[in-house]
Amino acid sequence: MNAAVRAVVRTAMTYGTEVYGIYRGYDGLIAGDIVKLESKDVSGIIQRGGTILQSARSNEFRTQEGREKAFNVMKTHGIEGLVTIGGDGTFTGANILHQEFGIPVMGIPGTIDNDLFGSDYTIGYDTAMNTVVEAIDKIRDTAGSHNRLFFIEVMGRDAGFIALNTGIATGAEDILIPETVTYLDDLILTLKQNKRRGKNSGIIIVAEGDDLGGAYEVAKKVKEHDSSYSTRVTVLGHIQRGGSPSVQDRVLASYLGYHAVLGLYKGLSHHMVGRINGAANYTDLSNSIKHNNEINREMLELARILSI
Ligand code: F6P
């Protein structure tokens, strides 16, 4: 996200527009927690995780009164357009702000879940996956040496992108995601077949939003079925949401920040900027909120075939 902030500031400045950083999201906007940003203020941040502008959930912004306060603060500062970085909640707020007050808004997709419609990738996704792969490679050593079956929970409350792609990258024996119905019997069958083929250890990746339950729940069910498995559970949790961003993420965020500003100059007023097949793409905010990025079924099949 810092790379995107940097790109927005420097692109806008290049074209003669002043930029203000709003701290703590919509809450900070309502409170007037706003600071003019110069080029030097965004120096040395591209390699830092998180966001220098911080983030917050705002209950006040959900009310018409709160949004009116926010709009008045923007008016006072002479702010004529808003760039927001985030996901569904952020974009819903931006869209309402535009509808109620006509202020042009431009969303930049920032979520490790990669589930926003209108961009091939979202900021944070690649970094999160690299963190997951590094962790699973390490866990694989214990799994293999001790003949253990590991259930590893990765983030993805509603989306299985992290699980699916890290599963392929680490050669996971099975991948459980929220987009497909998970049957315990299928998992048990896979494990049995693996045993028959002489595989005595395994990695099962469970997206936190999987319908069979989280990793603990799934491990319990497998163990109840066959107590001979030596099972272990690892929940990777918030290590997935931090750390120095990958090259892919830095470049993507820079690209999206740059095109967010250009989009506003073009007169777009309620859009999300994404990157599809390498090119900038603008999606109406209401569409980006309504639809989800769809999981690629072919990759599911590929994961199944390669895991035997
Ligand atoms: O942004 C969505 C997400 O990455 C989910 O996959 C996960 O459940 C959630 O964030 C965790 O966020 P929080 O820090 O609010 O628990």
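These legends describe an overall view and close-ups of one predicted model.

**View 1. The whole protein chain.** The chain holds eleven helices and ten strands, taken as DSSP runs (H or I of at least four residues; E of at least two) and numbered from the N terminus. Its C-alpha atoms fill a box of roughly 70 × 35 × 30 Å along the principal axes. Of the 308 residues, 46% are buried. Buried means under 20% relative accessible area, exposed over 50%, partly exposed in between (1.4 Å probe, protein chains only).

**View 2. A patch of positive charge on the surface.** Arg57, Arg62, Arg157 and Arg241 gather here. Like charges are joined within 9 Å, each placed at CZ for Arg. Arg62 sits in the loop between strand E2 (34-37) and helix H3 (64-76). Arg62 counts as exposed because its relative accessibility is 64%.

**View 3. Ser246 and its contacts.** Ser246 lies in the loop between strand E8 (231-235) and helix H9 (247-265). Its relative accessible area is 14%, so Ser246 is buried. Leaving aside residues up to four places away in sequence, Ser246 touches Asp126, Thr127 and Asn130 (contact: heavy atoms within 4.5 Å).

**Notes.** Residues are numbered from 1 along each chain as its sequence is written, and side-chain values use heavy atoms, without hydrogens or water. In this predicted model, local features need pLDDT of at least 70 and side-chain atom pairs count only at pLDDT 80 or more, while totals for chains, interfaces and linings use all residues.

Terms used:
Patch = residues over 30% accessible without salt bridge, like charges linked within 9 Å, V, L, I, M, F, W, Y side chains within 5 Å. Areas by Shrake-Rupley, 256 points an atom, 1.4 Å probe, with all protein chains shown as cover. Salt bridge = Lys/Arg side-chain N within 4 Å of Asp/Glu carboxyl O. Lys, Arg positive; Asp, Glu negative; His and termini not counted.
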